[in-house]
Amino acid sequence: MDRTLYLNENKGLTVLRDGPSVWVKEDGKAGRRIPARLVGRVVVIGNLRLEAGVITLFTQNDIPVTFINHRGDELAVAMPYNHHLPRHYEEQKIFLDVDENIERFKCWLYARKKETQINVIRRLSKGFAGLFTAKGFRGKDYCRFIERFKPSNDEQWKVVSGVISNLFREMIIVCILKADLDPHLGVLHRRHNFSLALDISYVLEAEIDMQCIQFLKTAEEMSYIVRDQSGLFVSKEGMRDIIHRFENRKKQICETVEKLIDDIFELMRELRR
């Protein structure tokens, strides 16, 4: 599995292009050379000195670069440029051909989302998971359950969820591009940028909730969430904690995304018959 290069805001951190590699230099520390061929995805967090050639190095190697801040906002995504449509673009359009196909895709999304929600409930409380399975399961049942774990401060949840959601979307976009699908050709989020990535993120919202809950258990004690004049944001140490937790689950999350993409291909085959 490709490695993710995280460039987190830090005073004195400079990132330069050095041929087919990037050179990462921090005041008071030895520099590090990182070959682009070893990197599968790049996330830039906050403000740092980043040479423009670094961005083009990655995009030339079909590696998207995502820019986010410590408040959970996704600021930009630098994508590899290719004037040709993705190889499966025409096949993908079948989902939008007729209303029946649109509904088929949406029903698939809802079913997979429910599976993710029940899985998260099972990890948080096996007793509740068994109850929901026995009595049926609705989206509002999950919402009521997860509210028990949310902080009283909604702003905290929004900021942390924003950061984690961006990490998920970045991974999803990379998987979609590698599958030669169009990341902008979705159904539930039709006519939005990266609509297919948003559709898959919708399925994984409960997994994002799980990581938010785990982070917030220790965030207050460790001062991972701080406030300035503009509002709450995740500290540099808090961002490292979020990334560490995400990396620990990355293999499983990536496998789930790949299975969802396999399902999309299977749906395309079925609808063409």
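Q: Is Asp-180 buried, partly exposed or exposed?
A: This is a predicted model, where local features need pLDDT of at least 70, side-chain atom pairs count only at pLDDT 80 or more, and totals for chains, interfaces and linings use all residues. Residues are numbered from 1 along each chain as its sequence is written, and side-chain values use heavy atoms, with hydrogens and water left out. Buried means under 20% relative accessible area, exposed means over 50%, and partly exposed lies in between (1.4 Å probe, protein chains only). Asp-180 has 29% relative accessibility, so the class is partly exposed.

Q: Which side chain meets Asp-180 in a salt bridge?
A: A salt bridge needs a side-chain nitrogen of Lys or Arg within 4 Å of a carboxyl oxygen of Asp or Glu. Here the N to O distance is 3.2 Å, and the partner of Asp-180 is Arg-87.

Q: How many residues apart in sequence are the parts that Arg-87 and Asp-180 tie together?
A: Helices (H or I, at least four residues) and strands (E, at least two) are DSSP runs, numbered from the N terminus. Arg-87 sits in the loop between strand S8 (74-78) and helix H2 (89-92), and Asp-180 in the loop between helix H6 (154-178) and H7, so the separation is 93 residues.

Q: Which helix holds Arg-272, the salt-bridge partner of Glu-91?
A: The side chains of Arg-272 and Glu-91 meet at 3.3 Å, N to O. Glu-91 is in helix H2, so the pair ties together parts 181 residues apart in sequence; Arg-272 lies in helix H9 (residues 236-272).

Q: What is the relative accessible area of Glu-90, which pairs with Lys-93?
A: The closest N and O atoms of Lys-93 and Glu-90 are 3.2 Å apart. Lys-93 is partly exposed, at 31%. Glu-90 is exposed, at 52%.

Q: Are helices H3 and H7 parallel, perpendicular or oblique?
A: Axes are lines fitted to C-alpha atoms, for helices over the stretch in contact, and angles run from 0 to 180 degrees between N-to-C directions. Under 35 degrees counts as roughly parallel, over 145 as roughly antiparallel, 65 to 115 as roughly perpendicular, and the rest as oblique. H3 (residues 99-124) and H7 (residues 195-203) pack at about 40°, with axes 7 Å apart. That makes H3 and H7 oblique.

Q: Which residues of H7 make the contact with H3?
A: Contact means heavy atoms within 4.5 Å. H3 contributes Phe-105, Leu-109, Tyr-110, Arg-112, Lys-113 and Thr-116. From H7 come Leu-196, Asp-199, Tyr-202 and Val-203.
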